[in-house]
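Here is a short briefing on one protein chain. Look over the sequence and the structure before reading on.

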Amino acid sequence: MKAQLLQMSTPDGPFTILAQDGAVLSSGWTDKPGDLTGQIHPSLRPATMELVTGLAGISDAVEAFYAGDPAPAMHVPVLQKSGPFRAHAWDVLRLVEPGAPVTYTEYAALAGNAKAVRAAASACAFNAAALFVPCHRVIRTDGSLGGFRWGLPIKKSLLAREAL
């Protein structure tokens with residue numbers, strides 16, 4: 001399989017996207033494509049990458065997010081693979097409203113199992129499509145940020161941007 005590789009500049013630093021057939025496989029705040037491939041399910045991992053200058057709809061959604069409109073990113077197709085709970089939990093993340101972060105406990109309940117807090121946190125940790133599946137919208141019960149693969153300064157920036 002061949003993936004398209006797009007690198008963009010954002011106020012939070014370089015943002016790289018790996019996509020296939022118009023769907024995001026992996027994305028994050030890095031300029032190193034290798035930082036993205038480990039999160040892709042082995043059956044979806046591309047053998048090669050082709051550097052492109054734009055990805056219809058995908059790059060527009062990133063630009064819209066940074067211009068103050070996070071909605072388009074939630075409509076970008078994403079291709080991730082895992083077990084039933086995690087796959088459902090990723091879909092649920094896309095329903096969390098910008099500017100209204102939820103706790104890991106609330107996220108587990110939204111995903112259908114209030115007792116599955118660790119599984120919900122794991123869904124965030126294994127989410128390959130950062131920004132498009134907004135795991136940054138999940139915080140700890142005490143209001144602290146919790147973790148974020150791309151660093152807490154970026155998570156804080158994304159939440160602040162969405163709070164406007």
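Start with aspartate 21, which sits in the loop between β2 and β3. The model is predicted.

- Aspartate 21 has a positive phi of about 50°, although it is not a glycine.
- Its relative accessibility is 72%, so aspartate 21 counts as exposed; the cut-off for exposed is over 50%.
- Serine 9 is twelve residues from aspartate 21 in sequence, and their C-alpha atoms are 23 Å apart in space.

- Strand β2 covers residues 13–20, and six of its eight residues are buried, so the strand is largely enclosed by the rest of the structure.
- On one side of the pairing scheme, β2 runs antiparallel to strand β1 (residues 2–10), with seven bridges joining the two.
- A hairpin of two residues links β1 to β2.
- Threonine 10 faces glycine 13 of β2 across this pairing.
- β2 also pairs with strand β3 (residues 23–28), again in the antiparallel sense, over five bridges.
- Here glutamine 20 has alanine 23 in β3 as its bridge partner.
- Serine 9 belongs to strand β1. With 77% relative accessibility, serine 9 counts as exposed.

**Aromatic pairs**

- How many aromatic pairs does the count come to? It comes to four.
- One of them joins phenylalanine 15 and phenylalanine 132, with ring centres 6.3 Å apart and 50° between the planes, which makes the pair tilted.
- Phenylalanine 15 is in strand β2, while phenylalanine 132 is in the loop between α5 (117–125) and β6 (138–139); the pair therefore ties together parts that are 117 residues apart in sequence.
- The cut-off for edge-to-face is over 60 degrees.
- Phenylalanine 65 is buried, and tyrosine 66 is too.
- One aromatic cluster takes in Phe15, Trp29, Phe132 and Phe148.

**The largest pocket**

- The volume of the largest pocket is about 170 Å³.
- Its lining has 16 residues, and the closest to the pocket centre are Gln39, Ile40, His41, Lys81 and Phe126.
- Sorted by class, the lining holds eight nonpolar, five polar and three charged residues.

**Leucine 131**

- Leucine 131 has a positive phi of about 80° and is not a glycine.
- Leucine 131 is in the loop between α5 and β6, the loop that also holds phenylalanine 132.
- Is leucine 131 buried or exposed? At 2% relative accessibility, leucine 131 counts as buried; the cut-off for buried is under 20%.

**Arginine 94**

- Arginine 94 is located in the loop between α3 (84–93) and β5 (102–103).
- With a relative accessibility of 18%, arginine 94 counts as buried.
- Isoleucine 58 is 36 residues from arginine 94 along the chain, and the C-alpha atoms of the two are separated by 15 Å.

**Lysine 115**

- Lysine 115 is part of the loop between α4 (104–110) and α5.
- Its relative accessibility is 82%, so lysine 115 counts as exposed.
- Lysine 115 and threonine 105 are ten residues apart along the chain, with 7.8 Å between their C-alpha atoms.

Terms used: Residues are numbered from 1 along each chain as its sequence is written. This is a predicted model: local features need pLDDT of at least 70, side-chain atom pairs count only at pLDDT 80 or more; totals for chains, interfaces and linings use all residues. Side-chain values use heavy atoms; hydrogens and water are left out. Buried means under 20% relative accessible area, exposed over 50%, partly exposed in between (1.4 Å probe, protein chains only). Helices (H or I, at least four residues) and strands (E, at least two) are DSSP runs, numbered from the N terminus. Two strands pair if DSSP finds at least two bridges between them. On a 1 Å grid over the protein atoms alone, a cavity is a set of points where a 1.4 Å probe fits but cannot get out, and a pocket is an open set with protein on both sides within 12 Å along at least five of seven lines; lining residues have an atom within 4 Å of a point. Grid points are joined across faces, edges and corners, and a volume is the space filled by probe spheres set on the points. Ala, Val, Leu, Ile, Met, Phe, Trp, Tyr, Cys and Pro count as nonpolar, Asp, Glu, Lys and Arg as charged, and the others, Gly among them, as polar. Rings of Phe, Tyr and Trp (its six-membered ring) pair if their centres lie within 6.5 Å; planes under 30 degrees apart count as stacked, over 60 as edge-to-face and the rest as tilted.
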